Amino acid sequence: VAKGIMCNWLVCLAIWGALASPSVSGKVLAIFWPITAFVTLDFQHCVANMFLIAQGILAGADISAGQFLIGNLVPVTLGNIIGATVFVA
């Protein structure tokens with residue numbers, strides 16, 4: 001849950017930065033650094049996990065859809081919601 005909270009805080013920071021910048025290059029830089037940080041720090045985002053873990057399952061990873069939902073998607077989604085509503089809003 002904590003990785004989801006921090007991830008969504010960084011994603012929202014990227015969105016705010018992009019909205020605040022009048023130039024395209026400023027928007028790119030405002031998005032680049034927070035997203036790079038969340039990927040580098042191994043934070044979890046539910047939308048990214050829906051794609052990446054589903055690709056792993058299709059490629060033959062030893063995980064079931066139920067394990068993915070209960071063990072990853074639900075806690076990460078709760079963390080993302082908390083990160084957006086408590087720490088950003």
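**View 1. One salt bridge is counted here (a side-chain nitrogen of Lys or Arg within 4 Å of a carboxyl oxygen of Asp or Glu).** This is a predicted model, in which local features need pLDDT of at least 70 and side-chain atom pairs count only at pLDDT 80 or more, while totals for chains, interfaces and linings use all residues. Residues are numbered from 1 along each chain as its sequence is written, and side-chain values use heavy atoms, with hydrogens and water left out. The bridge brings together the side chains of Asp-42 and Lys-3, at 3.1 Å from N to O. Asp-42 lies in the loop between H2 and H3 and Lys-3 in helix H1, so the pair links distant parts of the chain, 39 residues apart (helices are DSSP runs of H or I, at least four residues, numbered from the N terminus). Asp-42 is partly exposed at 42% relative accessibility, and Lys-3 is also partly exposed, at 37% (partly exposed lies between buried, under 20% relative accessible area, and exposed, over 50%, with a 1.4 Å probe and protein chains only).

**View 2. Here is Gln-44, in the loop between helix H2 (24–40) and helix H3 (46–58).** Gln-44 counts as buried because its relative accessibility is 17%. Its side chain makes a polar contact of 2.8 Å with that of Asn-49 (N or O atoms within 3.5 Å, one able to donate a hydrogen and the other to accept it; residues adjacent in sequence count only if both atoms are side-chain atoms). Beyond neighbours within four places in sequence, Gln-44 has contacts (heavy atoms within 4.5 Å) that include Lys-3, Cys-7 and Val-76.

Terms used. Helices (H or I, at least four residues) and strands (E, at least two) are DSSP runs, numbered from the N terminus.
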